[in-house]
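Biologist: I'd like to go through the labels on this model with you, one by one. Could you set each value against its rule?

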Amino acid sequence: MRLFIKLSLTTLVATLVAACVTVNVYFPEAKVEKAAEQIVNDVYGQDAQKTSLLNTSMFFHLIAEAISPSSAWAQNPATVENATIRSIKSRLAQRHGQLEPFYRSGAAGLDNQGFIAYRQSAAKGLPLPDQANLRRLVDADNADRRQLYSEIAKAMNLPGSQVGQVQKVFANVWRSKAGAGWYVQSDSGSWSQK
């Protein structure tokens, strides 16, 4: 009987201790932000604009990298690439050229959730075929963005519950790198022209 009570008490204490343990799931925000910046630059074509600046200092960069012992074998932690992500990125970049006139006109904008918004007030002035084309482009781009956020989380071994955090980081990067004159939605929901 005493053995039963001791085992029961031990089991009860172990259960209570296990129930009190808080699971803290780490979210690598800096790593996600670097990946987002790389992807957004690729989609917007901003890396091509910086290439000439990089070429002028490439010699010094290579020298610094060669003599730095910590970077000799280090892998770039911000690189998040797989075939699916490359495919999505390619589609987003191809579609970006078609969306750019709509960004400039205000008919499309970047919302605070990491998606493209069809801005009805500005789109009313467009011919009907252009409105239909814009809706098609926005729907396709948003579907790719949704899949991109999920794939980034998978590639970084993040639980599905953190896809929303990945999406929020991307939302901030998309808006911060938006072109002059584009409409962006603030975190509070108001729209302004950048």
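Biologist: What pattern does the protein follow, read along the sequence?

Modeller: Its pattern is α-α-α-α-β-β-α-α-α-β-β, made up of 7 helices and 4 strands. Helices here are DSSP runs of H or I with at least four residues, strands are E runs of at least two, and numbering starts at the N terminus. Before we go on: this is a predicted model, in which local features need pLDDT of at least 70 and side-chain atom pairs count only at pLDDT 80 or more, while totals for chains, interfaces and linings use all residues. Residues are numbered from 1 along each chain as its sequence is written, and side-chain values use heavy atoms, with hydrogens and water left out.

Biologist: Happy with that. Why is H96 called buried?

Modeller: Buried means under 20% relative accessible area, exposed means over 50%, and partly exposed is in between (1.4 Å probe, protein chains only). H96 has 7% relative accessibility, so H96 counts as buried. You will find H96 in helix α4, residues 83-105. In the whole protein, 35% of the 194 residues count as buried.

Biologist: And what does H96 contact, leaving aside its neighbours within four places in sequence?

Modeller: Contact means heavy atoms within 4.5 Å. By that rule H96 is in contact with V43, Y44, Y103 and W182, once neighbours within four places in sequence are set aside.

Biologist: V43 is on that list. What makes V43 buried?

Modeller: V43 has a relative accessibility of 6%, which is why V43 counts as buried. V43 is part of helix α2, and beyond four places in sequence its contacts are K89, L92, A93, H96 and W174. From V43 to L92 is 49 residues in sequence, yet the C-alpha atoms are 6.1 Å apart.

Biologist: Why are α2 and α4 called oblique to each other?

Modeller: Axes are lines fitted to C-alpha atoms, for helices over the stretch in contact, and angles run from 0 to 180 degrees between N-to-C directions. Under 35 degrees counts as roughly parallel, over 145 as roughly antiparallel, 65 to 115 as roughly perpendicular, and the rest as oblique. The axes of α2 (residues 29-44) and α4 cross at roughly 40° and come within 8 Å. The two helices are therefore oblique to each other.

Biologist: Which residues meet there?

Modeller: From α2 come I39, D42, V43 and Y44, and from α4 come I85, K89, L92, A93 and H96. By class, that contact has 6 nonpolar, 1 polar and 2 charged residues. For the classes, Ala, Val, Leu, Ile, Met, Phe, Trp, Tyr, Cys and Pro count as nonpolar, Asp, Glu, Lys and Arg as charged, and the others, Gly among them, as polar.

Biologist: How do you know that Y103 and W182 are stacked?

Modeller: Rings of Phe, Tyr and Trp (its six-membered ring) pair if their centres lie within 6.5 Å; planes under 30 degrees apart count as stacked, over 60 as edge-to-face and the rest as tilted. By this rule there are 5 aromatic pairs. For Y103 and W182 the centres are 4.3 Å apart and the planes 25° apart, and the pair is stacked. The partners are 79 residues apart, with Y103 in helix α4 and W182 in the loop between α7 and β3 (183-185).

Biologist: What makes R145 buried?

Modeller: R145 counts as buried because its relative accessibility is 2%. R145 sits in helix α6 and, leaving aside neighbours within four places, its contacts include L92, Y103 and W174.
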